[in-house]
Amino acid sequence: MRQLKGVLYLATAAPCALFASGVLAQTTPASSATEPASQAATTIEDIVVTAQKREQAVNTIPLAITAVSSQQLENRGIETVADLQKVAPGFSFADTGVNAPVYSLRGVGYFDYSLAAAPAVSVYLDEVALPYPAMTQGAMIDLQRVEVLRGPQGTLFGQNATGGLVNYIPASPTEDPAAGFKVSYGRFNRTELEGYVSGPLSETLRGRLAVQSVQSDDWQYSYTRDDSTGGANRTSARALLDWDPAANLSVTFNLNGYVDRSAPQATQLIAITPLTPARVRPEVANYPLAPHNARAADWSDSHDPFRDDRFWQASAKAVWDINDSLTLTSITAYSSLDTDDYIDRDGMSNDNSQYGLDGRIEAFSQELRLSGDAQRLNWVLGASYSSADTEENSTVNIESSSNVQNSFGVKFSDASSRVNNKIRSSAIFASGDWNLTDSLTLTTGLRYTKAELDFVGCTNVTEPAAIQAFANISAFFRNANGLPPAAFIPVDGCVVLGTDFLATEPRKTLDEDNVSWRVALNWEVADHVRLFASTSRGYKAGNSITVAGSFDTQYNPVRQEELTAYETGVKATLFDRTMQLNASIFYYDYIDKQARSKIVDPVFGPLQALVNIPSANAKGGEIELQWLPMAGLTVNGGLAYLDTEIEEFIGFDALGAQRDFAGKPFSFAPKLQTNLDVDYSWPLSNGMEAFVGGSVAYRSDATADFDSDPLFDIDAYTLVDARLGVTSADGRWRFSVWGRNLTDEYYWHSVIRVQDSVVRVAGQPRTYGISLGVEF
C-alpha cells in the first residue's frame, strides 16, 4: 500500500514534470577551467560524468545529478562540502559542534557527532569512499569537477548512500608539463595558497602534485572576556600517478591527506535548560545569552579549545581492457584518521560540557568489477569488501552541570567513555543499461550486502566520588528490584549498569543483510529532450553510539534504515542549445529512519541514544537552469521544494519530554532552497577580459529537533556573494575581488541541546578579499 501511494503520487504529478532533473555546469568540453568567455562556446554541450562508474554524457543518465566545474567552484567560493548547498538544490549541511559534519540530500541525513557515525550521504574521491564524514574536511583541492547525485545510490555505491552521494573528481596528470598557483587574501587575514605541478615522468608515467594551505586569524570573540577563537590552520595535499604499463592496462595511484590544527568554532548560548532544575548552579542559571552576531560566542576560560586532525588515504585503481568490449577494474584503498580535539560545546565559560576526544579510524576497501559493452547492453558485474576499525576515547568535563551536583548523595565532575567498533561489509552487485530501441533505455541494478558490527563501549570514571555515586545508584536499584546487596566493582574500568544493576562492559553485535535495487527508463522523445522515471531502494547500515551512558540499554545499536524512492523527470536542451532546463519530482517511502535522540535516564535525566523512526515519507522536486542568452553571459539557477513527514514515532524531544511526533517534519530539511548565479565577461584592450558576477542563495526555515520547540528553529536566510576582475585572453592568469555574505546575514546551521544549555552553530559573517591565479 505504501508503494502504491508513491506510484499514485508520481502518476498525478508527472504531467508537471516538464523539465529535467539533472545537471548544472559550465559545459564546454573544449574549454579549460580558466578559459575566458570570448573563447568559450555559446551553446551548451553535455558534460561527461562517472555517476554510473563509467564515463557518460550527463543528460543520458536517468539520475538527478548536479555537476559543478572547477571554475564554478572558484566563482561561488565553494571551499568545503558544506558550501555545496549554494549550488546543489536539495543539499544541506549541519554542524554538530565537533569535527563530524552532517550532509543531507532531499531531507535524508543522519545527525550524529560520533566519529564512527555512518553517513546517509556518502562522499567519494574519484570512486574511492571517504567512509566517515570526519574524513571529508580537506578533499576540495585541485579538482576537475564535483558531482552531486540525489536519491539512493546503493546498487553501485553500496550502503550509506540512501540520500545520495558527492563524488569529487580530481584534476588528472597532464601529457605535457604544466603548473599553476592560486593565492587569496581576505578578511581576518585569511590566506589561501594552492599550487600544482603536472606532467610526464617517463613515456608511460605521468604525475601531478597539488598542495593547499589555509591560514587565518581568529574570527570569533568572547562577549564576556578578552579572548578569541576560530582561526584556520589547515594543509592539504594530493599526489597522483597515472601509469600505462601496457597499451590495454592503466593504473592510477592516489595519495592524499590533510593536517588540520585550526581553532574550533565556538557555539552560541541561546537558552539555559537545566537537566535538574532544582540543582542548577547560579553561574549557569544567570549566564548571559549570546548576542545575535555570528562573531560573539563564549567557551571555557580554563582550557583553550583546540583541534589536531591528521588524515591520509592511499588508493590504486587498475583498469585492464581485456578486449574491445570487456574491461576489468580493481580499486583498492586504505584510509586513516587520527584526531585529538578539545571542544567546548555548552557556549559558556564554566565547565558545563567540555568535550575532549582522542580517536582513530582505519578503513580498507576493495572492489573488483567486470564491465562489458554488448550490442544493445552495457553491463557491470562486481564484488566489494570493506572494513573499518574505529576507536573513540572521550572525556566530558561536566563540573557545573546540574545533573551531577548530587547523584544519590555524591557530586562528581567528569566522565569518560571509550568505544570500539569493528565493521565488516561484503557485497556483490550487477547493473545494466539495456537499449530497448534507439530512443528507449532500461537501466537495472541489484546489490546484495551483508554487514557485521561488533561494538564495545564503556563509561569509566576515575574520581572516587564518581565511583561512589555509581555504587550508590547500583545499591538503590538492586534494593528496589529485590536483589541482594553486592559489592560494586568496575569491570575493566566500566561503571555502566547491566540488567542486574552491577557494573558491566557493554558489548553489542549487529548482523544484517539487504538487497538494494534500481529500475529506470530513459526515453529520448526528441533531439536533446529526454524523459526518465525510476524506482529504487537503498539502505543505511545499522549504527552504534558514542556516549557516556549509565545503563547498558543506552548502547543498543539501531537497525539499518530502508528508503524506497520513486522519481520522474525530464532533461531538455532548448533554444538552439543555449538553455539547459531540468527538473524532477520524487516520493520517498522511509522505514526505520535512524536518528540520534534521547532517552530519559532514571538517574541523570535526558541522555543521548539512537532510535529508529518506524515510518516516514518525503516528497518534492528540483528545477535547475543554465542559460547562455548572449556571448559572455551565463545564468545558472536552481530551486528545490521538499515536504517531509514522520508518520509514526513516539519518543523524547531534545528537552526530555515524551511526544508523539506523527505529522512532524524531518530535522534539517528546509521546504525551499533556491540559488541564482549570473556571470558576464567582455573583452578589453591589450588582450585582457573583464568579468563581473553575483549570486544569491536562499534557504527557508527548518528545525533541528522535529519541530518540537521554537528553541530549535533554524530561521530562513539569504546569502549574497559578488565578484569582479580581469583575466588574460588566453586564460593564463586571473585576478578577482570578491565578497561573500555581503549583507552580513546572521544565520545558523544547527541548534543543539548540550547538558544545561541550548546552543547554535552560526555561519560565517561577511568576508571579502582578493585572489590571483596563474597557469604556466
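**Stop 1: strand β42 and its neighbours**

Select residues 268-272, strand β17, together with β42; the two pair in the antiparallel sense over four bridges. This is a predicted model, so keep that in mind at every stop. Now pick glutamine 268 and look across to β42: arginine 760 stands opposite.

Then go to the hairpin of β41 and β42, which has two residues between the strands. Glutamine 755 takes a positive phi there, near 50 degrees.

Is β42 buried or exposed? Six of the six residues are buried, so the strand is largely enclosed by the rest of the structure. Check one side for Ser757, Val759 and Val761, then turn to the other for Val758, Arg760 and Ala762. Both faces are covered, and these residues are all buried.

**Stop 2: the disulfide**

Where does the chain carry a disulfide? Select cysteine 458 and cysteine 494. Their sulfur atoms are 1.9 Å apart. A search of the whole structure finds one disulfide. The pair links distant parts of the chain, 36 residues apart. Cysteine 458 is in strand β24, residues 440-460. Cysteine 494 sits in the loop between α5 (464-480) and β25 (496-497).

Which hand does the disulfide have? The torsion about the S-S bond is about -135 degrees, so the disulfide is left-handed. Turn on a surface and look for the two partners. Cysteine 458 counts as buried because its relative accessibility is 0%. Cysteine 494 is buried too, with a relative accessible area of 0%.

**Stop 3**

The model has 44 salt bridges.

Start with aspartate 244 and arginine 206, whose side chains meet at 3.0 Å, N to O. Aspartate 244 lies in strand β15 (residues 233-246) and arginine 206 in strand β12 (residues 205-215), so the pair ties together parts 38 residues apart in sequence. Aspartate 244 is partly exposed, at 26% relative accessible area. Arginine 206 is buried, at 12%.

Move on to arginine 360 and aspartate 338. The closest N and O atoms of this salt bridge are 2.5 Å apart. Arginine 360 is in strand β21 (residues 354-373), and aspartate 338 is in strand β20 (residues 326-344). The partners are 22 residues apart. Arginine 360 counts as partly exposed at 29% relative accessibility. Aspartate 338 is also partly exposed, with a relative accessible area of 22%.

Then select arginine 559 and aspartate 592. Here the closest N and O atoms are 2.9 Å apart. Arginine 559 lies in the loop between β28 (529-540) and β29 (561-574), while aspartate 592 lies in strand β30 (residues 579-601), so the bridge ties together parts 33 residues apart in sequence. Arginine 559 counts as partly exposed at 43%. Aspartate 592 is buried, with a relative accessible area of 16%.

**Stop 4: valine 404**

Go to the loop between β22 (377-397) and β23 (414-435) and pick valine 404. Why does valine 404 count as buried? Its relative accessibility is 1%, and buried means under 20%. Show the residues in contact. Leaving out those up to four places away in sequence, valine 404 touches Ile398, Val410, Lys411, Phe412 and Phe604. Valine 404 and alanine 296 are 108 residues apart in sequence and 29 Å apart in space, C-alpha to C-alpha.

**Stop 5: a nonpolar patch on the surface**

Finish outside. Select Phe181, Tyr185, Trp682, Leu684, Val692, Leu724, Phe735, Val737, Ile770, Leu772 and Phe776. Together they form a nonpolar surface patch with about 930 Å² of accessible area. Colour β10 (178-186), β40 (733-740) and β43 (767-775): each supplies at least two residues of the patch. Then zoom in on phenylalanine 776, in the segment after β43. Phenylalanine 776 counts as exposed because its relative accessibility is 57%.

Definitions and conventions: Residues numbered from 1 in each chain as written. Predicted model: local features only at pLDDT ≥ 70, side-chain atom pairs only at ≥ 80, totals over all residues. Heavy atoms only, no water. Patch = residues over 30% accessible without salt bridge, like charges linked within 9 Å, V, L, I, M, F, W, Y side chains within 5 Å. Areas by Shrake-Rupley, 256 points an atom, 1.4 Å probe, with all protein chains shown as cover. Salt bridge = Lys/Arg side-chain N within 4 Å of Asp/Glu carboxyl O. Buried < 20%, exposed > 50% of the residue type's maximum accessible area, 1.4 Å probe, protein only. Disulfide = S-S within 2.5 Å. Pairing = 2+ DSSP bridges. Contact = heavy atoms within 4.5 Å.
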